[in-house]
Amino acid sequence: MRIIGIIAEYNPFHNGHAYQIEKIRSLTQADFVIAAMRGNFVQRGEPALIDKYARTEMALSCGADLVIELPALWATASAELFASAGVALMRKCGCVDTLCLGEEPDNLSLLKEVASLLVSEPEDYKEVLSSCLKKGMSYPAARSQAVCSYLKEANQQIPADELACLLNEPNNILAIEYLKAIQAQNAAITPYLIQRTGDGYHEAALNSSLSSATAIRKELLSNGWNDITTLNPYLPEAAYSILKEYLNLYPPVSANDLSAPLSYLLLQQSEAQLA
């Protein structure tokens with residue numbers, strides 16, 4: 001029996017997510033697919049567009065066999081902590097043998113090499129990292145430059161532009177963190193890469209049937225949510241029906257909806273409390 005794990009957000013569930021589940025089933029002959037999903041709060045601490053129950057229903061109606069929640073403490077954390085918690089959750093299920101990773105170019109061997117470097121942190125790497133940080137570079141930028149420098153010295157066959165591109169794509173950054181977590185936790189889980197297809201992760205326009213969740217959220221929030229027929233081509237039929245039914249009862253939520261109560265709360269704080 002083969003059980004595949006996917007760590008996801010489904011905010012909301014769209015055609016790209018359905019494609020991933022269908023593709024991983026066909027390529028691996030998986031018996032079951034388990035999704036570890038962020039709950040009501042997602043990346044950067046933002047609230048999910050719709051609640052976790054409706055998103056779970058979407059996933060279960062469109063190919064997943066089980067959805068388990070990744071707690072908000074980890075769901076809103078850095079990529080490293082988020083990935084570590086996701087792998088731990090899959091490992092502790094006791095039945096997941098393969099973790100599906102989405103990434104941009106199909107280069108598992110290079111991703112594994114980067115992950116191993118970041119787990120072991122050899123002295124040459126740490127020296128370059130420290131030097132970059134002292135120059136005022138952000139940690140992600142400094143880490144990227146240190147990795148590029150170290151691997152170019154260790155393996156002259158890696159093209160510099162390919163390596164830089166690899167380290168700048170959101171899906172690749174997460175894939176590396178998952179690989180790090182699998183290695184660090186000595187998890188008996190095999191990574192399986194599914195190359196991203198359709199629009200890019202940050203693409204904000206609805207360009208194809210495999211448009212990004214970013215574009216779908218932007219369309220829904222900017223053009224009103226009482227009529228979502230424009231989103232029909234971008235969601236599986238079951239997911240679209242669930243979203244439409246949900247929005248008949250509740251409005252979608254965005255980070256801006258928390259601005260007024262947050263401002264009110266901050267204005268009530270004393271100087272000592274703010275400190």
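Asn11 counts as buried, at 4% relative accessibility. Buried means under 20% relative accessible area, exposed over 50%, and partly exposed in between, with a 1.4 Å probe and protein chains only. This is a predicted model: local features need pLDDT of at least 70, side-chain atom pairs count only at pLDDT 80 or more, and totals for chains, interfaces and linings use all residues. Residues are numbered from 1 along each chain as its sequence is written, and side-chain values use heavy atoms, with hydrogens and water left out.

**Asn11 and its surroundings**

- Asn11 sits in the loop between S1 and H1. Helices (H or I, at least four residues) and strands (E, at least two) are DSSP runs, numbered from the N terminus.
- A polar atom of the Asn11 side chain lies 2.8 Å from the backbone nitrogen of Leu49. A polar contact is a pair of N or O atoms within 3.5 Å; within protein, one must be able to donate a hydrogen and the other to accept it, and residues adjacent in sequence count only if both atoms are side-chain atoms.
- Neighbours within four places in sequence aside, Asn11 is in contact with Val42, Ala48, Leu49, Ile50, Arg55, Ala213 and Arg217. Contact means heavy atoms within 4.5 Å.

**The cavity**

- Rolling a probe the size of a water molecule over the atoms shows where empty space is left.
- How many cavities of 30 Å³ or more are there? The count comes to one.
- A cavity is a set of points, on a 1 Å grid over the protein atoms alone, where a 1.4 Å probe fits but cannot get out; lining residues have an atom within 4 Å of a point. Grid points are joined across faces, edges and corners, and a volume is the space filled by probe spheres set on the points.
- The largest cavity has a volume of about 40 Å³.
- Glu9, Asn11, Val42, Gln43, Arg44, Glu46 and Arg217 line the largest cavity.
- That lining divides into one nonpolar, two polar and four charged residues. Ala, Val, Leu, Ile, Met, Phe, Trp, Tyr, Cys and Pro count as nonpolar, Asp, Glu, Lys and Arg as charged, and the others, Gly among them, as polar.

**Salt bridges**

- The structure holds nine salt bridges. Each is a side-chain nitrogen of Lys or Arg within 4 Å of a carboxyl oxygen of Asp or Glu.
- Glu9 pairs with Arg38 in a salt bridge, with the closest N and O atoms 3.0 Å apart. Glu9 lies in the loop between strand S1 (3–8) and helix H1 (15–28) and Arg38 in strand S2 (residues 32–38), so the pair ties together parts that are 29 residues apart in sequence. Both Glu9 and Arg38 are buried.
- Lys52 bridges to Glu69, the closest N and O atoms being 3.0 Å apart. This pair links distant parts of the chain, 17 residues apart: Lys52 is in helix H2 (residues 52–61) and Glu69 in strand S3 (residues 66–70).
- Glu69 is partly exposed, with a relative accessible area of 40%.
- Glu177 forms a salt bridge with Arg143, again with closest N and O atoms 3.0 Å apart. Here helix H9 (residues 170–184), which holds Glu177, is linked to helix H7 (residues 139–154), which holds Arg143; the two residues are 34 residues apart.
- Glu177 is buried, with a relative accessible area of 4%. Arg143 is also buried, at 16% relative accessibility. Shared partners join Glu80, Arg143, Glu177 and Lys180 into one salt-bridge network.

**Helix H2**

- Lys52, Ala54, Arg55, Thr56, Met58 and Ala59 are buried in H2.
- The cover over the buried residues of H2 includes S2, S3 and helix H11 (237–247).
- At the start of H2, a side-chain oxygen of Asp51 comes within 3.0 Å of the backbone nitrogen of Tyr53.

- Ser144 is in helix H7 and counts as buried at 15% relative accessibility. Residues up to four places away in sequence not counted, Ser144 touches Leu167 and Asn168.
- Ile182 is in helix H9 and is buried, with a relative accessible area of 9%.
- Beyond its neighbours within four places in sequence, Ile182 is in contact with Val87, Leu99, Ala187, Ile189 and Pro191.
- Ile182 and Gly86 are 10.0 Å apart in space, C-alpha to C-alpha, and 96 residues apart in sequence.

Terms used
On a 1 Å grid over the protein atoms alone, a cavity is a set of points where a 1.4 Å probe fits but cannot get out, and a pocket is an open set with protein on both sides within 12 Å along at least five of seven lines; lining residues have an atom within 4 Å of a point.
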